[in-house]
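Hi,

Here is the model I promised to pass on.

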Amino acid sequence: MVTLIDRTPGVSETVRPRHPEKAAKPDTPRLAKPAWLRVRAGGSKAYAETHTIVKENGLHTVCQEAGCPNIGECWEKRHATMMIMGAICTRACAFCNVATGLPHALDAAEPQRVADAVARLGLEHVVVTSVDRDDLADGGARHFAETITAIRRAHPSATIEVLTPDFLRKEGALEIVIEARPDVFNHNLETVPGLYPRIRPGARYFHSLRLLQRAKELDPEVFTKSGIMVGLGETRDEVLQELDDMRSANVDFLTIGQYLQPTLKHAEVKRYVEPAEFDDLKTIGKAKGFLLVASSPLTRSSYHAGDDFVQLREARRAQLRSA
Ligand code: SF4
C-alpha cells in the first residue's frame, strides 16, 4: 500500500510534512468504518461564514487541524473551537493529527483576534484549546489567561471553556489559567494509563489527573472536565478504573468518544465500539457521580459544548438543592 504523507501548506514558510517523526514508521492497518460513524459534510451558508470569520481573524481551529468528523455539523451552528499559540505542537502523540515540530513565537495580538471572532460568531459558549508549548517557560498559561480576559471584554455574556495541555514541569502555570476564571477547565486524559507509553508518550497519567484535581482545589466553582477515546486497545476494566480515578480527582464532566485514525502512520483503531456500549458507559459514569457524561461514537471534547454547559450548570444547581 502507498501512504501519502499529509502536507500542510502554511504551517511554515515551506511545505513540510505534518508528522516528520512518524514518516518512517510502518503503516498501520485501517479498519473499515461502521455506518454509525458516517457524518454529513458542511456546505451551508453558516458553515461558509464560520470559515470566513476564522480565516479573516487569522486563527487556527482544532476542528480543522485535528480533522474532526463533526465539522460540518458544528460549523453550521457557528461553533468553532479556537486553537491558540500556533498550529505546531511540541508533542507527538500517536493519535493526534496536529502538526509536530518547533513552534513559532507567540503572537501577542492573537487573544484579541480570538475575542473578535467569538463576538462575530456570537458564541454563547466558547472552547479555547491549544497546541502543547513545552518550549515556553509557562507552557503558554499566560497566553490562555490573556485570551480569557480578551473574550470577557469583547463578549461578556459568553461562558468560557479552556482545554489545556498538561503543563508538565511548568510550575505555577495552572494557577495562572485558573486565576483568569474560566467557567470550565478541561484537560483530557485521552486514554488509559497502560496505553500512555504508546499513545501519549510525552505525558504522565498521574500528573494529568492531579492537574484536574488541583484545578478544582484552586477554584471550587470551576467545572472540571476530562475525556477519553475508546477503541485504542483499552480493556473495560481499565476504563472503569479510570472513571473512578477521575471521580477521585473531583472531575465533574466526562466525555467518551471513538478514536479515529487520522492517517496510516497514526495508532490503529483496534475496534469500533458499538453505540450501545457508549450508552452503557454513560449510565455507569452517571452512577459513579459525574454531574454530566457525554458518551457516543462522535463525542469530542467540544462537541455540543454549549448545550452541555447549560446542562452542567443545571445539574450542579439540582445537586446543591438536594444537598
Ligand atoms: S466537535 Fe469540537 S473540534 Fe469537532 S468540529 Fe465540533 S467544535 Fe470543532
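A residue counts as buried here if 20 or more other C-beta atoms lie within 10 Å of its own, as exposed if 12 or fewer do, and as partly exposed in between, with C-beta atoms placed from the backbone. By that rule, buried residues make up 45% of the 323 residues in the protein.

Two notes on provenance. This is a predicted model, so local features need pLDDT of at least 70 and side-chain atom pairs count only at pLDDT 80 or more, while totals for chains, interfaces and linings use all residues. Residues are numbered from 1 along each chain as its sequence is written.

Overall fold: the protein has 11 helices and 12 strands. These are DSSP runs numbered from the N terminus (helices are H or I, at least four residues; strands are E, at least two). The C-alpha atoms fill a box of roughly 60 × 45 × 45 Å along the principal axes. Of the contacts (C-beta atoms, placed from the backbone, within 7 Å) between residues at least 6 apart in sequence, 74% join residues at least 24 apart.

Now for helix H9, residues 236-248. Its 13 residues reach 19 Å from first C-alpha to last, close to the 18 Å expected at 1.5 Å a residue (the expected span being 1.5 Å times one less than the number of residues). Which residues of H9 are buried? They are Glu242, Leu243 and Met246. Seen down the axis of H9, these fall within an arc of 105°, so they line one face of the helix; the arc is that of the directions from the helix axis to the C-beta atoms. Asp237, Asp244 and Ser248 are exposed on the face turned away from that buried side. The cover over the buried residues of H9 includes strand S10 (223-230), strand S11 (253-258) and helix H10 (275-287). After H9 comes Asn250, with a positive phi near 65°.

Last, the ligand. The residues around it include Cys63, Cys68, Cys74, His79 and Arg300, where "around" means a C-beta atom, placed from the backbone, within 6 Å. Helices H2 (62-65) and H3 (71-76) each supply at least two residues of this shell. By class, the shell has 6 nonpolar, 4 polar and 1 charged residues (Ala, Val, Leu, Ile, Met, Phe, Trp, Tyr, Cys and Pro count as nonpolar; Asp, Glu, Lys and Arg as charged; the others, Gly among them, as polar).

Cheers

Definitions and conventions:
Contact = placed C-beta atoms within 7 Å.
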